[in-house]
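Reader: I would like the terms used for this model set against their cut-offs. Please go through them one at a time.

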Amino acid sequence: MEFETLVQSRRSVRGFRNEPVPRAVIEAIIDSAKRAPSSMNTQPWHVHVLTGGPLERLRRRNMEEMVGGAKVKRDIVSHGEYQGVHRTRQVDVAKKLFGAMGIARDDKPMRQDWVLRGFRQFDAPVSLVLTYDRVLDPGAVCHFDLGALCYGIVLAAWDRGLGSVINGQGIMRSDIVREVVNIPEDEVIITCVAMGYPDDNFAANAVRSDREGNDDFVRYVGFAE
């Protein structure tokens, strides 16, 4: 698939079929994505791929902690709650998703269940936990590198018929992720990618988030009119 078509067609998938993903397919995805650029070719990334029992244990413990009111404990520093235009965009896509799923504004149980889906990594059959070498903190540059790898994974997966969603909720309790996955202390957990074959009957999978027009965020300097 041509790159432009691939980018335009790709969407976040929040509902997956209950179907295993072969290891060979994941290996091919990572083999493509690892060609992503990194600062000075440092390749600071590590990928921990979970499925089956370990993923179920991670889901269960993450859910138990968050439902029990545990505080978020991420390895990376969070920006906190979104404000202003960023909050507006967040709310807009939430309205689209709730509308597609038929979740009413006053339906607190269903809205809560939707939030918990994120902590369950959207019930996907595979989760890829992305980490980087702690020695590189403070990590603005390697965060950028991990973002490139992450998007490469998402695109390579879509090209092979797999959907994915980049899922910060899945690593909100990084201490649990570290314990279950046996991630060494010299690696920083930055995010995870829930992945599987899309469930075409899951209404939210058809939702496309809006994008601002180029004039709202692009400046051209030095070009002839």
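Author: The side chains of Arg61 and Glu179 meet in a salt bridge, N to O, at 3.1 Å. The model is predicted, so local features need pLDDT of at least 70 and side-chain atom pairs pLDDT 80 or more, while totals for chains, interfaces and linings use all residues. Residues are numbered from 1 along each chain as its sequence is written, and side-chain values use heavy atoms, with hydrogens and water left out.

Reader: What makes Arg61 and Glu179 a salt bridge?

Author: A salt bridge is a side-chain nitrogen of Lys or Arg within 4 Å of a carboxyl oxygen of Asp or Glu. The N to O value for Arg61 and Glu179 is 3.1 Å, so the pair meets the rule. Arg61 lies in helix 3 and Glu179 in helix 7, so the pair ties together parts that are 118 residues apart in sequence. Helices here are DSSP runs of H or I with at least four residues, strands are runs of E with at least two, and both are numbered from the N terminus.

Reader: Why is Glu179 called exposed?

Author: Buried means under 20% relative accessible area, exposed over 50%, and partly exposed in between (1.4 Å probe, protein chains only). Glu179 has 54%, so it is exposed. Arg61 has 24% and is therefore partly exposed.

Reader: How do you know that Arg178 is buried?

Author: Its relative accessibility is 9%, so Arg178 counts as buried. The side chain of Arg178 also meets that of Asp75 in a salt bridge at 2.4 Å, N to O. This pair links distant parts of the chain, with Arg178 in helix 7 and Asp75 in the loop between helix 3 and helix 4 (84-101), 103 residues apart. Asp75, at 28%, counts as partly exposed.

Reader: What is the distance between the closest N and O atoms of Arg178 and Glu185?

Author: They are 3.9 Å apart, and the pair forms a salt bridge. Glu185 has 56% relative accessibility, so it counts as exposed.

Reader: How many salt bridges does the rule give?

Author: The count comes to 16.

Reader: Why is helix 7 called largely enclosed?

Author: Of its 8 residues (174-181), 6 are buried, so helix 7 is largely enclosed by the rest of the structure. The buried residues are Ser174, Ile176, Val177, Arg178, Val180 and Val181. They pack against strand 1 (45-50), helix 3 (52-67), strand 2 (126-133) and strand 4 (187-196), where contact means heavy atoms within 4.5 Å.
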